[in-house]
Amino acid sequence: MVQELLTPREMARADQLAVASGVPSLTLMENAGQAIAFEVVSHLPLQPVLVLCGPGNNGGDGFVAARLLEERGWPVRVALLGEKADLKGDAALVARRWTGPIEQARPEICMDFGVIVDGLFGAGLSRDVDGLAAEIVRAANNSAAEIVAIDVPSGVDGATGQIRGVAMEAAFTVTFFRCKPGHLLQPGAALCGKVLLADIGIPDAVIDEIEPLAFENERLLWTLPRRRVDDHKFSSGHCLVISGDALHTGAARLSALGAARIGAGLVTLGGARDALLVHAAHLTAIMLAECDRPDDLRPLLDRRKINAIVIGPAAGVSEDTRQLVLEALASEASIVLDADAISTFAQEPDALFAAIKARKNPNVVLTPHHGEFSRLFGEIAGCKLDRAQAAAKRSGAVVLYKGADTVIARPDGYVAINGSGSPNLATAGSGDVLAGMIGGLMAQGMNAFDGACAAAYIHGLAGRRYGKPGLIADDLPGILPDILFELSI
Ligand SMILES: NC(=O)C1=CN([C@@H]2O[C@H](COP(=O)(O)OP(=O)(O)OC[C@H]3O[C@@H](n4cnc5c(N)ncnc54)[C@H](O)[C@@H]3O)[C@@H](O)[C@H]2O)[C@@H](O)CC1
Ligand SMILES: [K+]
């Protein structure tokens, strides 16, 4: 099933729609508490547990979990931030169902437990966590306890993944119905630990009414091209990668290998003669073609029936690169613009966006990392997801905004967050391989959004598959066949 991501506001709407469809809100809260208790007993050995309850429904879930854990024989203490008399609605009800003592939440109490269930704040953060609440969060983090977060680690903004003041560092997080962007966006994602998704009885049909725009990038979001028995190299597309000059050839070579390993039928490196000689010393299956000046591009595309182009890796921030990009955009091919191809338009981004929007073939992917993103789009307000969405809309291209939490956005606002990445990928040239993979997938007929999502996902898996530090970008293309094989079965 495709995994939609719901902002806290959309989640509140899902709750309301569920209630309107006949599921009592108290049942949702009981189910949420039950899910937490279940995950605690499933993952952790029986031991003293502290349940920290806040003033809202997140605390309500905590009260339910406390009761159910005690029923299972766990030694449970409950501490409340605020007064029991101030609790409202379902939270007040379930607090009454907890018949044990309710202590005042304070930092010192956090020291004596193996497990702390964090029900301080969930989706309802109205301001930064400060004062006593912040002291409690710090004390919980400094204790030896494993923290189990209800919905989100308290202090993490579920919409943006930002830390509001200070946040719990959870060993795992139990969330309900659908994950939130904050479970995948950094730095919040790193504080969630493992995220476990629980069904609390909200009907899936409510999704049709909410029409969410955000998705987790996973394998059901796109379909990889499949080779048919009668396929030949020309039917799997031809990807051209533009090379840097003779002293800067490595980046384009990594892209070309990425494009070839992801399955493009043919891959050509285009560049000046002296650069091609360097490539020739390294490559066998990748073809070489002279493409010295921007004017050389169009005849080359026609001659070799090229249907996807990657420009940018070590291309140089120069007038030639700028002209090449405009020539490429004027063609019918699908285009990946990476690195220098992006930076070269820093002074006149609107010229780039106009050329993208004027195209017949809409498949253009921009792959900026944070610096390149700011150079091209300036400072856009909001979280990474908002910024990627705004950039895609403004440019008319699919924007793959790189990082530990890569976000891929389509001009119409549809957006995916990639959670498959690995810190192993933070190495020179890894982005060049990714750009080539996107080009290789578009050469095989994938559209820009699906190709960018699939490439980001597979690239992330490749980083994980290596499984140890020491990965260099040269290793990545060679890992791809195993991953493609696994994804095909
Ligand atoms: N029907 C529902 O809405 C369901 C909600 N559920 C739970 O309810 C949670 C959301 O409940 P709420 O909307 O009550 O939100 P919270 O439980 O996060 O609490 C909001 C309360 O905390 C206060 N608050 C917010 N930020 C604060 C800060 N920085 N410092 C001090 N006080 C602060 C607010 O004034 C409000 O009283 C979810 O995260 C989930 O755990 C689940 O029970 C499932 C069903
Ligand atoms: K919480």
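## Reading the ligand site and the annotated domains

Me: Which residues come nearest to ligand 1?

Reply: "Near" here means that a heavy atom of the residue lies within 4 Å of the molecule. Around ligand 1 there are 21 such residues, and Asp15, Asn58, Asp61, Gly122 and Asp151 come nearest. Keep in mind that this is a predicted model, where local features need pLDDT of at least 70, side-chain atom pairs count only at pLDDT 80 or more, and totals for chains, interfaces and linings use all residues. Residues are numbered from 1 along each chain as its sequence is written, chains are lettered from A and ligands numbered from 1 in the order written, and side-chain values use heavy atoms, leaving out hydrogens and water.

Me: What lies 2.8 Å from an oxygen atom of ligand 1?

Reply: Look for N or O pairs within 3.5 Å, the cut-off for a polar contact. A side-chain N or O atom of Asp15 is 2.8 Å from a ligand 1 oxygen, and a polar backbone atom of Asn58 is also 2.8 Å from an oxygen of ligand 1. Arg127 contributes a backbone N or O atom, 2.9 Å from a nitrogen of ligand 1. On its own, ligand 1 has 870 Å² of accessible area, and the protein covers 77% of it (Shrake-Rupley method, 1.4 Å probe).

Me: Where does ligand 1 sit?

Reply: In the largest pocket. A pocket is an open set of points on a 1 Å grid over the protein atoms alone, with protein on both sides within 12 Å along at least five of seven lines; to sit there, a molecule needs more than half of its atoms within 2 Å of the grid points. Two elements give two or more residues to the shell: α2 (25-43) and α3 (57-71). Helices are DSSP runs of H or I with at least four residues, strands are E runs of at least two, and both are numbered from the N terminus. The largest share, three residues, comes from α3.

Me: Which domains does UniProt list?

Reply: UniProt positions use the numbering here, and annotations may be inferred rather than shown by experiment. The unreviewed entry lists "domain: YjeF N-terminal" at residues 11-208, a stretch that is 37% helix and 17% strand.

Me: Where does UniProt place the feature "binding site"?

Reply: The unreviewed entry puts it at Lys402, Gly403, Ala404, Asp405, Thr406 and Gly431. They span 30 residues in sequence, yet no two of their C-alpha atoms are more than 13.8 Å apart, so they gather at one spot. Asp405 is in the loop between β16 (398-401) and β17 (407-409).

Me: Which peptide bond is cis?

Reply: Most peptide bonds are trans. Here the bond from Gln186 to Pro187 is cis, with omega near 0°, and Pro187 is in the loop between β7 (172-176) and α6 (188-192).

Key: Polar contact = N/O pair within 3.5 Å; in protein donor to acceptor, adjacent residues only side chain to side chain. 1 Å grid on protein atoms, 1.4 Å probe; cavity = no way out; pocket = protein on both sides within 12 Å on 5 of 7 lines; lining within 4 Å.
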